[in-house]
Amino acid sequence: MSTRRAIAMLILAMALFALGTPLTKWLALNGETLGLHGENAISFCNILFVGNLCAGLAVLAYFRVWPVLSDLAALSPSGWMLVITAASLSVVVPAMLFFALKTTSVANVVLLGRFGPLLFSIVGAIAVSRPIGKLEWIGNSFIFVSIALVAFVTGGGMINRGDWLVLAAGVVYCVTALVSQSALAAAGLRAFVFARNFVAAVIFFAIALWLFGWYHFAEAFMARLWLVMTIYALVAVVAAQLAWYYALQRVEPTAVGTWSIISPAMGIVFALLLLHERPQPAQWIALGLTSIGIAIANAEALRTVWLSNSTESSLSAVT
């Protein structure tokens, strides 16, 4: 039962993360229909500041104040440094993707977004001195070809600004994932998820205030905006992160790779449902190549998951 629950939480997390990008673009395009008037009502500043703040408060309410504060008080200086670094980096990726959505499609963001996990899988293996198998190299090559296809074909032979931002965000994602693993181990789930969101909101607010001034947050304290951002944060941030870290502490990395086959397709489906963005032929081909690549790269894990009845084969207890 615990195996099925962990896998179910993993799939739920992937679905909610896949929902995040098209939902963000939908809010940006339809803010006025929700009663959010003003030039900066649904801006990347407000989504990151208000969204992260609401997410942090929701986590605090879920785990209760004193247990979270107790975990934070027990953090060592090095633990705090890891958490603050992870929180700071976590602001960069969504900000880059928000700007990317202005000049590229959600499908491109989803498909080019595989560059981050691809890079992380290679760098992560090198970091722990794990040899990369032949099937992994073949699978990763399929994913790389799909990324190149999307970047060049959909841009008419040129990589546009939005696509460059997505690729650059992939590099930041890789660094963030590496730091977050260490921060999660040092802080524990409840303290890390709270600090990652709350500290990120504070850091981002300070940076945006310094760059743009107070006027940029003129619409940031609208009651309706907070209602919308609270719902957004609960669904696309808090629930996604809690499900993800729950699964991450119980599921082998190979199983995570196996089930990630469904992630790109989910993002494109959500874009179609929310934004009516129909993928181009090149994007469909890229989605197929990406799915094949993920399946090949995780072929051994896929065989283990489906053929083995042992919970130890797919779970790793974390104490």
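## Helices H7 and H13

H7 and helix H13 (residues 281–297) have axes that come within 7 Å and cross at roughly 165 degrees. Here axes are lines fitted to C-alpha atoms, for helices over the stretch in contact, and angles run from 0 to 180 degrees between N-to-C directions. The angle makes H7 roughly antiparallel to H13; the cut-offs are under 35 degrees for roughly parallel, over 145 for roughly antiparallel, 65 to 115 for roughly perpendicular, and oblique for the rest. The crossing of H7 with H13 is left-handed, a term used if the near helix is turned anticlockwise from the far one by less than a right angle, with right-handed for clockwise.

By class, this contact of H7 with H13 has 16 nonpolar, five polar and one charged residues. Ala, Val, Leu, Ile, Met, Phe, Trp, Tyr, Cys and Pro count as nonpolar, Asp, Glu, Lys and Arg as charged, and the others, Gly among them, as polar. On the H7 side the residues include Leu-135, Glu-136, Phe-142 and Val-153, and among those they meet in H13 are Ala-282, Leu-289, Gly-293 and Ile-296. Contact means heavy atoms within 4.5 Å.

## About the model

A word on the basis of these values: this is a predicted model, in which local features need pLDDT of at least 70, side-chain atom pairs count only at pLDDT 80 or more, and totals for chains, interfaces and linings use all residues. Residues are numbered from 1 along each chain as its sequence is written, and side-chain values use heavy atoms, with hydrogens and water left out.

## The protein as a whole

The protein has 14 helices and zero strands. Helices (H or I, at least four residues) and strands (E, at least two) are DSSP runs, numbered from the N terminus. Of the 319 residues, 50% count as buried; buried means under 20% relative accessible area, exposed over 50%, and partly exposed in between (1.4 Å probe, protein chains only).

How much of the contact with a separation of 6 or more comes from residues 24 or more positions apart? These residues account for 89% of such contacts in the protein.

## H7 and its other partner, H6

H7 also packs against H6. The axes of helix H6 (residues 115–127) and helix H7 (residues 134–153) come within 10 Å and cross at roughly 150 degrees. That makes H6 roughly antiparallel to H7, and their crossing is left-handed. Phe-115, Leu-118, Ser-121 and Ile-122 are the H6 residues, and they meet Trp-137, Asn-140, Ile-143, Phe-144 and Ile-147 in H7.

## Two asparagines in helices

Asn-108 lies in helix H5 (residues 106–112). Is this residue buried or exposed? Asn-108 counts as buried because its relative accessible area is 3%. Its side chain makes a polar contact with the side chain of Asp-163, at 3.3 Å. A polar contact is a pair of N or O atoms within 3.5 Å; within protein, one must be able to donate a hydrogen and the other to accept it, and residues adjacent in sequence count only if both atoms are side-chain atoms. Not counting residues up to four places away in sequence, Asn-108 touches Gly-113, Val-150, Thr-154, Asp-163 and Gln-283.

Asn-197 is found in helix H9 (residues 189–212). With a relative accessible area of 0%, Asn-197 is buried. Leaving aside neighbours within four places in sequence, Asn-197 is in contact with Asn-52, Ala-55, Gly-56, Val-59, Val-237 and Gln-241.

Leu-53 sits in helix H2 (residues 44–63) and is buried, at 14% relative accessible area. The C-alpha atoms of Leu-53 and Ala-201 are separated by 5.4 Å, although these residues are 148 residues apart along the chain. Beyond four places in sequence, Leu-53 touches Phe-198, Ala-201 and Trp-226.

Val-175, in helix H8 (residues 161–187), is partly exposed, with a relative accessible area of 40%. Val-175 and Gly-124 are 51 residues apart in sequence and 9.9 Å apart in space, C-alpha to C-alpha.

## Positive phi in two loops

Most residues other than glycine have a negative phi. Arg-64 has a phi near 80 degrees, a positive value in a residue other than glycine. Arg-64 lies in the loop between H2 and helix H3 (65–73) and counts as exposed, at 57% relative accessibility.

His-276 is not a glycine either, yet has a positive phi of about 60 degrees. His-276 is placed in the loop between helix H12 (262–275) and H13, and counts as exposed because its relative accessibility is 63%.
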